[in-house]
Amino acid sequence: MSYPSYLPGEPVAAADQLSALRDDLEQQESVIERGLESFIEIGRALAKIRDDRLYRHEYASFEVYCQSRWNLSRKRAYDLMSAATVVDGMEAALEMATSPIGDTPALPANEGRRGS
């Protein structure tokens with residue numbers, strides 16, 4: 001599908017083209033939203049596997065499990081677990097926080113650090 005141009009002097013897309021573009025955008029944004037949520041779920045699952053030593057029947061260590069099963073470095077696995085822990089703490093704090101105007105601060109969209 002070719003995308004219409006919106007530069008001055010160029011034709012504007014027909015309504016059906018705009019509708020198709022909006023549908024495509026919504027589809028792609030839903031993929032992104034699922035991905036942004038997944039880092040928390042992945043971090044929590046890895047922590048459970050590590051904490052309960054669920055990897056022990058097949059792997060010598062948690063690090064070997066992460067590398068062999070998921071192709072995750074030790075650092076990446078621990079970063080995901082740390083990020084999930086931070087979000088869990090933020091969720092708990094936000095439940096207690098009340099804004100004077102009734103809004104709630106948003107949780108982070110990814111595990112990245114500011115200023116890093």
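Okay, let's start with contacts along the chain. If you take the contacts in the protein chain with a separation of 6 or more, 41% of them come from residues 24 or more positions apart. Here's one such distance to look at on the screen: the C-alpha atoms of D88 and I40 are separated by 8.6 Å, and those two are 48 residues apart along the chain. D88 is found in helix 3, and with 31% relative accessibility D88 counts as partly exposed.

Before I go on, please keep in mind that this is a predicted model. The mean pLDDT of the protein chain is 78, and 68% of its residues reach 70 or more.

The protein chain has three helices and zero strands, and read along the sequence the pattern is α-α-α. Helix 1 covers 15-51, helix 2 covers 62-70 and helix 3 covers 74-96.

How much of the protein chain is buried? Of the 116 residues, buried ones make up 20%.

Now for the inside. As a bit of background, nonpolar side chains in soluble globular proteins tend to be buried together. In this model, the largest nonpolar core has 17 residues, and the ones with the most contacts inside it are F39, L46, Y55, F62, Y65 and C66. Helix 1, helix 2 and helix 3 are the elements that give two or more residues to this core. Which helix gives the most? That's helix 3, with six residues.

Let's zoom in on Y65, one of those core residues with the most contacts. If we leave aside its neighbours within four places in sequence, Y65 is in contact with I49, Y55, Y59 and W70. You'll notice some rings in that list, which brings me to the aromatics.

The count of aromatic pairs comes to four. Take Y59 and Y65: their ring centres are 5.3 Å apart and their planes are at 75°, so this pair is edge-to-face. Are these two buried or exposed? Both Y59 and Y65 are buried.

Then there's F62 with Y78. Here the ring centres are 5.9 Å apart and the planes are at 90°, so the pair is edge-to-face. F62 lies in helix 2 and Y78 in helix 3, so the pair ties together parts that are 16 residues apart in sequence. What about burial for these two? F62 has 2% relative accessibility, so F62 counts as buried. Y78 is at 23%, so Y78 counts as partly exposed; the cut-off for buried is under 20%.

If you step back from the pairs, Y55, Y59, F62, Y65 and Y78 form one aromatic cluster.

The charged end of R74 sits over the ring of Y78, 4.4 Å from its centre. So Y78 comes up again: Y78 pairs with F62 and has R74 over its ring. Likewise, R69 lies over the face of W70, at 4.1 Å from the ring centre. And W70, remember, is one of the contacts of Y65.

Last topic: the loops. R53 has a positive phi of about 55°, although R53 is not a glycine. In the loop between helix 2 and helix 3 we find N71. N71 has a positive phi of about 55° too, and N71 isn't a glycine either. N71 is at 61% relative accessibility, so N71 counts as exposed.

To wrap up: we have a predicted model with three helices, a largest nonpolar core of 17 residues, and an aromatic cluster made by Y55, Y59, F62, Y65 and Y78. Thanks, everyone!

Notes. Residues are numbered from 1 along each chain as its sequence is written. This is a predicted model: local features need pLDDT of at least 70, side-chain atom pairs count only at pLDDT 80 or more; totals for chains, interfaces and linings use all residues. Side-chain values use heavy atoms; hydrogens and water are left out. A nonpolar core is a set of buried Ala, Val, Leu, Ile, Met, Phe, Trp, Tyr and Cys residues joined through side-chain atoms within 4.5 Å. Buried means under 20% relative accessible area, exposed over 50%, partly exposed in between (1.4 Å probe, protein chains only). Helices (H or I, at least four residues) and strands (E, at least two) are DSSP runs, numbered from the N terminus. Contact means heavy atoms within 4.5 Å. Rings of Phe, Tyr and Trp (its six-membered ring) pair if their centres lie within 6.5 Å; planes under 30 degrees apart count as stacked, over 60 as edge-to-face and the rest as tilted. A charge sits over a ring if NZ of Lys or CZ of Arg is within 6 Å of the ring centre and within 35 degrees of the ring normal. pLDDT is the predictor's confidence in each residue, from 0 to 100.
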